[in-house]
Amino acid sequence: MSRQKVSKRRPKKEIMKMDINEPALNKSMQNRQFEHLLFAEKWGASFSPFLGVPVVQCITYDLVQVLNDLYLQDMVKS
Amino acid sequence: MKILFSPYQKFIPIAKMLHAQGHELVSSHPGLTKNFNDLDIPSKPLSDFIKPDDKINALNYSSAALGKMIDQSYDGYVNFSDKVKLFMTNNIPAFMYSRLADLSIAVTAINNYDPDIILVHNDVEPITRTMAAWASGNGKPCLHIPHAVYMDVGRGAPGTDVHDIITASHLACAGKYQREWYEERGFVPDNIREVGIPWLDSFARTVPAKDNAIRLLSLRPNLPVITYASSWRQDTNLLGCHDGVEEYYGKILEAIQFMPGAQLIVKVHPHGNNADWHMVQAKDKGVNCIVTATHLEVVLQATDLLISYGPSNIIFEGSFFPSVRLAVSHGYEQDKEIIKIGENAASIQVAETIKNALGAESQNYTGFRYKYCGITDGKSAKRVVEFVEELLS
C-alpha cells in the first residue's frame, strides 16, 4: 500500500534490521511501532471531526510511516 | 442504489456485475471512472459532487485544524526520538496541508453523493479510511474486500500494526485464514463473509500455455526460467522498515551469476514505481534479464521457479500454474510446500537452493491455496456481488 521510492534516504539494514527475530530487539521494535500508532490515533482523534468524519485521524496510516522512518534515522545516527 | 468505489482497478468485474443489476456507480478516483466508462460501465467521478461552497467549507475546516496542530502536537510523545519530536514540532502542518485539504473535500463530496454502500480495497489508507469512516458515521455499510491476504509475519501482536485498525463495517474475506486474522483484530464475526479472492477469478480460468508464454517473452525454451518477484519498502511497520528489498535483490542478481544459462525475469510490483531502479541494478551487475511491472499472467506461465521477497500475493497467483515451483526469501513458515531460501542466506546459498528447487518436482499447491485464498472457482466476484445485494436489501 505504501508508495515509497527506492531513491529515498534510508537507514542501513545492518544497523536497523540487526536480525529482527532477536527477541529483545523484536519486542522493542514492536513496542515502539505500537507507541507511534497509539500516538497517531490519539493525536488525530483530538481534532474536531468534519461532517462527522475524524479526518486527521484518517491520516494515521501516512503519519506512522513518517514517525517510524524518523525513529530509525535517529537510531542510525546514535 | 448508489455505490461508491475506492480507487482499485481490480474492482472492474464487480462493477460490471453491479451495473448489470441496475446500480449507479461512482468512483473516488477519476482514473477508475475512466476505466469503468472505457469498458461501457457508466460511472461518474466523486469529484462531480463537489460544490463550490462546500469546497470552501472544507478548506476552512482544514485551515482551522492546521492552525491547531502546533499547539496540539506536544502531547504524548515526550519519550520519542529527536527527529520525531522535531517533526511534530516544526513540520506537521506542512505534512498535513495537502492531505487534510484533499480529504476534507472528499468528505463533502461523499456527503453530497450520499452512497447507499461503499466498497473499499483496504480501510487504512487515508482516502479509504475516510470513506469507511463516513459510512460508519452515516449508518451505511462499508464493505472491505481486501486487496491482499494479510498474514501474520511476526510483526507484532494483533492491534499493534496500522493494518489492524478496522473501520469498515463488513468484510468479504478470502477464506478461514483471513477470517480468523480479522476476528483476532476485532472484526464482528457476523459481518464477515468468506467469498474467495475476486482478483484470482481470472487465474482460475486461465489455461496454462507455457510454450506460447516463452515465445512471447523471447526466452529460450530449453533453459530454466526463474522469476523473482521483488517488492518495495514499507514503513508502516518498524519491523519491515529496512533495506531488505534492495539487499535481497542484490543477492538474487549475484546468485544468478552462479547459474550460467538460467533466464531471469524480475517482476516488480505494479505500483512499486521502482522498475527503473531494478533495471539499473541488473545492468550494473552485468545480468541480462527481463524487468517488468506488467504481463503477470504471461510471466507466470513461462516460469519454472517463482521466488518472492517475503510473503506475497504473487505466490498465490503462481500456485495456479502446475509447472511452477514456489519459493520465498522468508515467510509461510508453517507451509511445507513453499521453499524457504532464507533472508540471511549468502548468494551462493541462494544459488544452491535455486538449483535444487529446479531439480525437484513441482508441489501440489491446492491445499496451500485453499488455506489462504479460500474457494478459487472463478466465482468470487459473483459472491461479492451477492453480498453487496444482501447489504443493500
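Modeller: Starting point: Glu180(B) and Lys176(B) join their side chains in a salt bridge, 3.0 Å from N to O. Keep in mind that this is a predicted model.

Biologist: Noted. Where do Glu180(B) and Lys176(B) lie?

Modeller: Both are in helix 6 of chain B, residues 176-184. They are four residues apart, about one turn of the helix.

Biologist: Is Lys176(B) buried or exposed?

Modeller: Lys176(B) is exposed, with a relative accessible area of 55%. Glu180(B) is partly exposed, at 37%.

Biologist: Which residue does Asp114(B) form a salt bridge with?

Modeller: Lys140(B). Their closest N and O atoms are 2.8 Å apart.

Biologist: And which parts does that pair tie together?

Modeller: Two loops of chain B. Asp114(B) lies in the loop between helix 4 and strand 4 (117-120), and Lys140(B) in the loop between helix 5 and strand 5 (142-144), so the pair links parts that are 26 residues apart in sequence. Asp114(B) itself is partly exposed, at 34% relative accessible area.

Biologist: What about Asp335(B), which residue does it form a salt bridge with?

Modeller: Lys371(B), with the closest N and O atoms 2.8 Å apart. Asp335(B) sits in the loop between strand 12 (325-328) and strand 13 (339-340) of chain B, while Lys371(B) is in helix 14 (residues 366-373), so this pair ties together parts that are 36 residues apart in sequence.

Biologist: Buried or exposed, that Asp335(B)?

Modeller: Buried. Asp335(B) has a relative accessible area of 4%. Lys371(B) is partly exposed, at 30%.

Biologist: Which residues are linked in a network of salt bridges?

Modeller: Asp164(B), Glu184(B) and Arg185(B) are linked that way.

Biologist: New topic, the interface. How many residues does the contact take from chain B and from chain A?

Modeller: Chain B gives 68 residues and chain A gives 54. The area buried between the two chains is about 5,700 Å². Carbon and sulfur atoms give 64% of that area.

Biologist: How many salt bridges does the rule find across the interface of chain B and chain A?

Modeller: Two. Arg129(B) forms a salt bridge with Glu41(A), the closest N and O atoms being 2.8 Å apart. There are also 12 residue pairs in polar contact between chain B and chain A, both residues at pLDDT 80 or more.

Biologist: Which elements give two or more residues to the side of chain B that touches chain A?

Modeller: Four helices of chain B: helix 3 (52-72), helix 4 (82-113), helix 5 (126-137) and helix 9 (244-256). Helix 4 gives the largest share, 15 residues.

Biologist: What does that side of chain B have by class?

Modeller: It has 28 nonpolar, 25 polar and 15 charged residues.

Biologist: Last topic, backbone. What is the phi of Asp40(B)?

Modeller: Near 60°, a positive value in a residue other than glycine. Most residues other than glycine have a negative phi.

Biologist: Where is the place of Asp40(B)?

Modeller: In the loop between helix 2 (30-38) and strand 3 (43-45) of chain B. Asp40(B) counts as exposed, at 66% relative accessibility.

Biologist: And Ser218(B), what is its phi?

Modeller: Positive, about 55°, although Ser218(B) is not a glycine. Ser218(B) is found in the loop between helix 8 (210-216) and strand 8 (225-229) of chain B. At 66% relative accessibility, Ser218(B) counts as exposed.

Methods. Residues are numbered from 1 along each chain as its sequence is written. Chains are lettered from A and ligands numbered from 1 in the order in which they are written. This is a predicted model: local features need pLDDT of at least 70, side-chain atom pairs count only at pLDDT 80 or more; totals for chains, interfaces and linings use all residues. Side-chain values use heavy atoms; hydrogens and water are left out. Buried means under 20% relative accessible area, exposed over 50%, partly exposed in between (1.4 Å probe, protein chains only). Contact means heavy atoms within 4.5 Å. Buried area is the accessible area (1.4 Å probe) that two parts lose on being put together, summed over both. A salt bridge is a side-chain nitrogen of Lys or Arg within 4 Å of a carboxyl oxygen of Asp or Glu. A polar contact is a pair of N or O atoms within 3.5 Å; within protein, one must be able to donate a hydrogen and the other to accept it, and residues adjacent in sequence count only if both atoms are side-chain atoms. Ala, Val, Leu, Ile, Met, Phe, Trp, Tyr, Cys and Pro count as nonpolar, Asp, Glu, Lys and Arg as charged, and the others, Gly among them, as polar.
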